[in-house]
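Hi everyone, thanks for making time for this. I'd like to walk you through one structure, a few residues at a time, and then step back to the whole chain.

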Amino acid sequence: MNEEIIFKYFPNLSALQQKQFALLEDLYLDWNEKINVISRKDIDELYLRHVLHSLGIAKLMEFKPGHKVLDVGTGGGFPGIPLAILFPDTDFHLIDSIGKKIVVVDEIAQMLDLENVRAEQIRAEKLKTKFHFVVSRAVTQMPQFVAWVRQKIIKTPLPGQQLANGILYLKGGDLHEELADFPQAVVYAVSDFFEEEFFETKKIVYLPI
């Protein structure tokens, strides 16, 4: 499945954004030969399982110029890289504790001329900076994740934003137990936005902080 699936759901991309999304496959194929950041079975479904999945967050929240977004446990750059392409006026800080993954993220951001991306090898709990939103893709159970990032979120929203500042977390499966302590959390089905079978069990957890 190629980049056309992105254009299907995001038809108003600029020529530059279309080019950047189209470049992702070759860049990740090349880097995956050197450093395995995406599993072998998933690399053939890059646009569906990684790029489009990441962009599910954009169906809930349209980041504004001036927003600062932290991607925790970014791995090969998801969801941060696709979101940074989609929102070029928003600052994205992509972090991971594994240095070789950050090397890949940094190189891909440079190859795409993504001036709104900063990549850093650091654990979330060590960060001093604060952000309007924290995004991530299933790096740990929700209670642990919230403990890492709760103090990293700016309290004041930007004028006109859709959601209050907080966490947007891509998860799958039954979330009742791990969300038991977070009654304010709202769970959205990714299948409400994308029709492909892959998304049937995928969720976005929104937790205002």
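Let's start with His132: is it buried or exposed? With a relative accessibility of 6%, under the 20% cut-off, His132 counts as buried. Please keep in mind that this is a predicted model. His132 is placed in the loop between strand 3 (117–121) and strand 4. If you leave out residues up to four places away in sequence, His132 touches Gly66, His67, Lys68, Ile153, Ile154, Thr156, Leu158, Asn165 and Gly166.

Move along into strand 4 itself and you come to Ser136. Its relative accessibility is 0%, so Ser136 counts as buried. And which residues does Ser136 touch, not counting those up to four places away in sequence? They are Asp71, Val72, Pro79, Phe145, Leu168, Tyr169 and Leu170.

Pro79 deserves a stop of its own. A cis peptide bond joins Phe78 to Pro79, with omega at about 10 degrees. You'll find Pro79 in the loop between strand 1 and helix 5 (80–86).

While we're on backbone geometry, there are a couple of phi values to look at. Ala138 is not a glycine, yet it has a positive phi of about 50 degrees. Ala138 belongs to the loop between strand 4 and helix 7, and at 45% relative accessibility it counts as partly exposed. Asp113 also has a positive phi, near 55 degrees, and is a residue other than glycine. The loop between helix 6 (99–111) and strand 3 is where Asp113 is found. At 62% relative accessibility, Asp113 counts as exposed.

Ala147, in helix 7 (residues 142–149), counts as exposed too, with 59% relative accessibility. Ala147 and Glu125 are 22 residues apart in sequence, and their C-alpha atoms are 8.4 Å apart in space.

Now for the inside. As a general point, nonpolar side chains in soluble globular proteins tend to be buried together. Here, the largest nonpolar core has 55 residues, and those with the most contacts inside it are Ile6, Phe10, Leu24, Phe63, Ile81 and Leu168. Which helix gives the most to this core? That is helix 4 (residues 46–60), with nine residues. There is also a second, separate core of 21 residues, which includes Ile122, Val134, Ile153 and Tyr169.

Let me pick out Phe63. Setting aside neighbours within four places in sequence, Phe63 is in contact with Ile57, Val69, Leu83, Phe87, Thr90, Phe92, Phe133, Val135 and Leu168. Phe133 on that list is an aromatic partner as well. The two ring centres of Phe63 and Phe133 lie 5.6 Å apart and the planes are at 65 degrees, which is over 60, so the pair is edge-to-face.

Gln20, in helix 2 (residues 15–34), is buried, with a relative accessible area of 6%. Leaving out residues up to four places away in sequence, Gln20 touches Ile85, Leu112 and Leu114. Gln20 and Ile85 are 65 residues apart in sequence, but 7.1 Å apart from C-alpha to C-alpha.

Finally, the whole chain. The protein has seven helices and seven strands, which run α-α-α-α-β-α-β-α-β-β-α-β-β-β from the N terminus on. The radius of gyration is 16 Å, close to the 17 Å that the globule rule gives for 209 residues, so the protein is as compact as a globular protein of that length. Of those 209 residues, 52% count as buried. Among contacts with a separation of 6 or more, residues 24 or more positions apart account for 70%. And the accessible surface comes to about 9900 Å², with 48% of it belonging to carbon and sulfur atoms.

That's my tour, and I'm happy to go back to any residue you like.

Technical notes
Residues are numbered from 1 along each chain as its sequence is written. This is a predicted model: local features need pLDDT of at least 70, side-chain atom pairs count only at pLDDT 80 or more; totals for chains, interfaces and linings use all residues. Side-chain values use heavy atoms; hydrogens and water are left out. A nonpolar core is a set of buried Ala, Val, Leu, Ile, Met, Phe, Trp, Tyr and Cys residues joined through side-chain atoms within 4.5 Å. Buried means under 20% relative accessible area, exposed over 50%, partly exposed in between (1.4 Å probe, protein chains only). Helices (H or I, at least four residues) and strands (E, at least two) are DSSP runs, numbered from the N terminus. Contact means heavy atoms within 4.5 Å. Rings of Phe, Tyr and Trp (its six-membered ring) pair if their centres lie within 6.5 Å; planes under 30 degrees apart count as stacked, over 60 as edge-to-face and the rest as tilted. The radius of gyration is taken over C-alpha atoms; the globule rule is 2.2 Å times the number of residues to the power 0.38. Accessible areas come from the Shrake-Rupley method with a 1.4 Å probe; for residues, only the protein chains shown count as cover.
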